[in-house]
Amino acid sequence: MSEEDTEYPIVVEGLRNAFGPAVVHDNLSLKVRKGEILGVVGGSGTGKSVLMRSIIGLQYPSAGEIDVLGRSITDAAPDEVIGVRSRWGVLFQGGALFSTLTVGENVEVPLKQFYPELGDQFRKEIAQFKVQLSGLPLEDAAKYPSELSGGMRKRAGLARALALDPELLFLDEPTAGLDPIGAAAFDALTRELKETLGLTVFLITHDLDTLYEICDRVAVLADRQVIAVGTIPELLAMDHPWIQEYFNGPRGRAAKDSQLRARAQTHDQRLRGLEQNGPVQEGKAQE
Ligand SMILES: Nc1ncnc2c1ncn2[C@@H]1O[C@H](COP(=O)(O)OP(=O)(O)OP(=O)(O)O)[C@@H](O)[C@H]1O
Ligand SMILES: [Mg+2]
């Protein structure tokens, strides 16, 4: 196993993507650390989805090198990529569920593709488990996408992304179109799944609350490249106009304030708990 595989499950170097004369990426580089939630931000049309599609081998770049889990995506023969493909899950920007299949059947699609030897009943049970893991009640596995709300559809897409027990999860705008409570619940679920399943998450978002709440680092796409990667305080210290406008504009400030308020509340709750229960005495269990 190479060092890149253990430290950086995604390595992009010198990426170029162009559609005719329109150059979307030029000499773009990015490394995603193992076990992190990396938020990816940038104005609409800066190429966030195209970057994700390049990393998962759906968009062949004009130049550059992409390694995922120690395997080259750009140099590999298609059958070599198949092995690594089963190690990631993707929630596409539009959800991309098959409308003629139930939620459970949608989750079964990758299972059928990669594990054709699984028995029907076992495959169905795995799919039902993933549906519940994504926070949907079991009975929703039998529903069609058209019977679900937007938020439920996102969870169904997440269930399908988790079908193969991935090491890497790609989420393209997972909270777009959700109400703030639904978005916060989806964020909490993402964080919990990352922590319990040890996932590395590549998360494209416009949602500033998501960035503040769950992302370990944030990569900023602008001018056809990743112009900065770091924690939000690190990005705030940079004087790039787009970064300043984004994080220090009215919406950025509101997201930051709401996070500070939430932290203060938790701090107060902890203090109240201490007042009621007395200070925690270390070593008490040994008495
Ligand atoms: N298959 C394609 N053919 C031609 N142009 C494309 C194709 N896919 C994407 N583009 C163009 O590439 C640019 C980047 O698109 P992309 O979907 O990656 O943007 P984005 O950053 O994800 O935007 P948004 O935040 O709106 O989702 C856009 O100008 C888009 O029109
Ligand atoms: Mg997009």
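Two residues are taken to be in contact if their C-beta atoms, placed from the backbone, lie within 7 Å. In the predicted model examined here, Asp 26 meets this criterion with Arg 16, Arg 224 and Gln 225, residues up to four places away in sequence being left out of the count. Asp 26 belongs to strand 2, which spans residues 22-32. With 17 other C-beta atoms within 10 Å, Asp 26 is classed as partly exposed.

Ala 222 and His 25 are 197 residues apart in sequence, yet their C-alpha atoms are 9.3 Å apart in space. Apart from residues up to four places away in sequence, Ala 222 touches Gly 42, Thr 46, Ile 227 and Trp 242. Ala 222 counts as partly exposed because it has 18 C-beta neighbours inside 10 Å, where burial requires 20 or more. The loop between strand 9 and strand 10 (225-230) contains Asp 223. The phi angle of Asp 223 is near 55°, a positive value in a residue other than glycine. Asp 223 is likewise partly exposed, with 13 other C-beta atoms within 10 Å.

For the protein chain overall, eleven helices and ten strands were assigned. Buried residues account for 36% of its 287 residues. Of the contacts between residues at least 6 apart in sequence, 66% join residues at least 24 apart. The largest nonpolar core comprises 61 residues, and those with the most contacts inside it are Leu 38, Ile 55, Phe 170, Phe 202 and Leu 203.

The shell around ligand 1 is formed by Phe 19, Val 24, Gly 42, Ser 44, Gly 45, Thr 46, Gly 47, Lys 48, Ser 49, Val 50 and Gln 93. By residue class, this shell divides into three nonpolar, seven polar and one charged. Two of the shell residues, Gly 42 and Thr 46, are also among the contacts of Ala 222. Helix 2 (residues 48-55) gives the most to the shell, with three residues.

Within helix 2, the buried residues are Lys 48, Leu 51, Met 52, Ser 54 and Ile 55. Seen down the helix axis, these buried residues fall within an arc of 160°, and they therefore line one face of helix 2. Such an arrangement follows from helical geometry: an α-helix has 3.6 residues a turn, so residues three or four places apart point the same way. Ile 55, one of the residues with the most contacts inside the largest nonpolar core, is in contact with Ile 10, Val 12, Ile 66, Val 68 and Ile 73, its neighbours within four places in sequence being set aside. Just after helix 2, Gly 57 adopts a positive phi of about 80°.

A positive phi is also found at Leu 69, where the value is near 50° in a residue other than glycine. Leu 69 is placed in the loop between strand 4 (63-68) and strand 5 (71-72). With 22 C-beta neighbours inside 10 Å, Leu 69 counts as buried.

Helix 5 (residues 120-133) has 14 residues and reaches 20 Å from its first C-alpha to its last, close to the 20 Å expected at 1.5 Å a residue. Its buried residues are Arg 123, Ala 127, Gln 128, Lys 130 and Val 131. These cover an arc of only 160° around the axis, which puts them on the same side of helix 5. The face turned away from this buried side carries the exposed residues Gln 121 and Phe 122. The buried residues of helix 5 pack against helix 4 (103-114) and helix 6 (150-161). Just after helix 5, Gly 135 takes a positive phi of about 85°.

Helix 6 has twelve residues and reaches 17 Å between its first and last C-alpha atoms, close to the 16 Å expected at 1.5 Å a residue. Nine of the twelve residues of helix 6 are buried, so this helix is largely enclosed by the rest of the structure. Among the buried residues are Arg 153, Lys 154, Arg 155 and Arg 160. What covers the buried residues of helix 6 includes strand 6 (88-91), helix 4, helix 5, strand 7 (168-172) and helix 7 (180-197).

Methods:
Residues are numbered from 1 along each chain as its sequence is written. Chains are lettered from A and ligands numbered from 1 in the order in which they are written. This is a predicted model: local features need pLDDT of at least 70, side-chain atom pairs count only at pLDDT 80 or more; totals for chains, interfaces and linings use all residues. Helices (H or I, at least four residues) and strands (E, at least two) are DSSP runs, numbered from the N terminus. The expected span of a helix is 1.5 Å times one less than its number of residues. The arc is that of the directions from the helix axis to the C-beta atoms. A residue is near a molecule or strand if its C-beta atom, placed from the backbone, lies within 6 Å of it. Ala, Val, Leu, Ile, Met, Phe, Trp, Tyr, Cys and Pro count as nonpolar, Asp, Glu, Lys and Arg as charged, and the others, Gly among them, as polar. A nonpolar core is a set of buried Ala, Val, Leu, Ile, Met, Phe, Trp, Tyr and Cys residues joined through C-beta atoms within 7 Å.
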